[in-house]
Amino acid sequence: MSANTATLPRTTREIQLASRPHGRPVPENFRLAESDLPELQDGQVLVRNQFISVDPYMRGRMNDVKSYSAPFALDAALDGGAVGEVIATRSDERKVGDVVVHSLGWREYAVLDAAATSLARTDLAQASAFLGALGMTGLTAYAGLLKVAEFKPGEVVFVSGAAGAVGSLVGQIAKAMGASRVIGSAGSPEKVARLLELGFDAAFNYNDGPVAAQLAAAAGERGIDVYFDNVGGEHLEAALSALTVGGRVAMCGAIAQYNSTEPTPAPRNLMLAIGKQLTLKGFLVGGYWQHMAEFVGTVSAWVADGTVRYDETVVDGLENAPQAFMDLLDGANTGKMLVRL
């Protein structure tokens with residue numbers, strides 16, 4: 001084993017799921033605990049986490065329901081994206097000092113198979129970017145726009161939740177690839193201003209009035225060709241009205257509905273999809289990992305030259321991760337919400 005074993009941690013602090021939320025999560029649903037670290041086995045590494053990701057999809061995993069991802073277990077550590085430094089290794093694939101991305105977040109230290117980690121290219125960008133703009137978040141934006149919605153240069157794109165980690169990248173990638181117009185919605189005047197700084201052609205605050213009216217004003221008679229949906233609900237209904245014949249919807253998320261305790265109604269105008277010959281396609285980023293190298297190669301160059309910029313909202317301290325997650329669901333973040341350990 002590489003590293004001085006006498007100085008290696010034997011335990012880790014972690015955030016456990018104490019109870020399942022009903023509606024909006026509350027602090028009592030979480031617990032800060034300490035657990036023993038397992039002995040390193042052949043092929044494994046010990047990672048000191050530097051940043052952990054909190055993401056909207058985690059809300060669904062807190063429910064005990066069958067879904068595309070197994071629910072979080074009660075009285076056990078949550079998991080999710082993390083980036084950190086290898087401090088001990090029993091693998092030829094990873095050396096001490098490597099910065100790696102993995103899925104055992106919500107804790108300070110993680111023992112896992114080296115094969116379950118990927119190297120963060122810190123020669124291209126800072127480590128935290130590999131949880132956001134150059135990681136799963138960025139791939140979600142890239143694949144959703146190009147592979148799911150099949151965006152083509154010259155088209156008009158509408159992005160909801162556009163000041164969030166995924167949405168802000170969707171708009172910038174669309175502009176970089178030749179969109180004729182990019183429209184974004186966000187939940188505050190400050191976020192709207194930020195979208196315009198990032199190169200969106202138009203942006204509106206969905207709290208200022210009906211989304212349909214604001215989108216129609218922003219899109220004009222031309223309408224929209226692509227809708228990247230992070231919100232669902234009223235936004236999806238508005239987009240169906242604004243989409244042109246042959247329009248496409250990439251259904252990425254529905255944050256407006258994640259804390260709902262009652263069934264949420266479908267868009268009342270869904271029949272428009274027939275006459276307009278629309279395509280509505282839901283997707284999970286896990287089905288698009290084969291595009292990761294293409295994505296990193298393309299977008300890292302844009303990050304390097306300033307074509308694509310990314311925001312991070314950073315909260316310090318593992319103990320504050322539950323609050324960061326709750327704030328995320330309330331829209332308190334601009335860009336990627338991260339917890340720095």
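Glu-262 counts as exposed, at 58% relative accessibility; here buried means under 20% relative accessible area, exposed over 50%, and partly exposed in between, with a 1.4 Å probe and protein chains only. The residue sits in the loop between strand 12 (243–251) and helix 7 (272–275). Helices (H or I, at least four residues) and strands (E, at least two) are DSSP runs, numbered from the N terminus. Glu-262 and Leu-17 are 245 residues apart in sequence, and their C-alpha atoms are 23 Å apart in space.

A word on the basis of these values. This is a predicted model, in which local features need pLDDT of at least 70, side-chain atom pairs count only at pLDDT 80 or more, and totals for chains, interfaces and linings use all residues. Residues are numbered from 1 along each chain as its sequence is written, and side-chain values use heavy atoms, with hydrogens and water left out.

I turn to the chain as a whole. It holds 9 helices and 15 strands. Its radius of gyration is 21 Å, close to the 20 Å that the globule rule gives for 341 residues, so the chain is as compact as a globular protein of that length. That radius is taken over C-alpha atoms, and the rule is 2.2 Å times the number of residues to the power 0.38. Along its principal axes, the C-alpha trace spans about 70 × 45 × 35 Å.

How much of the chain is buried? Of the 341 residues, 51% count as buried. The accessible surface comes to about 14,700 Å², and 52% of that belongs to carbon and sulfur atoms; areas come from the Shrake-Rupley method with a 1.4 Å probe, and for residues only the protein chains shown count as cover. Contact means heavy atoms within 4.5 Å. Among contacts between residues at least 6 apart in sequence, 68% join residues at least 24 apart.

As to charge, there are 28 positive and 37 negative side chains, and the centres of the two sets lie 4 Å apart. Lys and Arg count as positive and Asp and Glu as negative, while His and the chain ends are not counted. Each charge is placed at NZ of Lys, CZ of Arg, CG of Asp or CD of Glu.

Next, helix 9. Of its 9 residues (321–329), 7 are buried, so the helix is largely enclosed by the rest of the structure. The buried set consists of Ala-321, Pro-322, Ala-324, Phe-325, Met-326, Leu-328 and Leu-329. What covers these residues? The cover includes strand 1 (11–17), strand 2 (30–36), strand 3 (44–53), helix 1 (58–61), strand 14 and strand 15 (336–340). After helix 9 comes Gly-331, with a positive phi near 80 degrees.

The side chain of Asp-311 makes a polar contact with that of Arg-194, at 2.8 Å. A polar contact is a pair of N or O atoms within 3.5 Å; within protein, one must be able to donate a hydrogen and the other to accept it, and residues adjacent in sequence count only if both atoms are side-chain atoms. Leaving out residues up to four places away in sequence, Asp-311 touches Arg-194, Leu-198, Thr-334, Gly-335 and Lys-336.

Ser-168 belongs to helix 3 (165–176) and is buried, with a relative accessible area of 5%. A polar atom of its side chain lies 3.4 Å from the backbone oxygen of Ala-165.

Trp-106 has a positive phi of about 60 degrees although it is not a glycine. It lies in the loop between strand 5 (99–102) and strand 6 (109–113) and is buried, at 1% relative accessibility. Glu-150, likewise not a glycine, has a positive phi of about 50 degrees. Its loop runs between helix 2 (136–148) and strand 8 (156–159), and Glu-150 is partly exposed, at 49%.

Finally, Leu-280 in strand 13 (279–282). At 32% relative accessibility, Leu-280 counts as partly exposed. Beyond residues up to four places away in sequence, Leu-280 touches Leu-240, Val-249, Met-251, Leu-270 and Ala-273.
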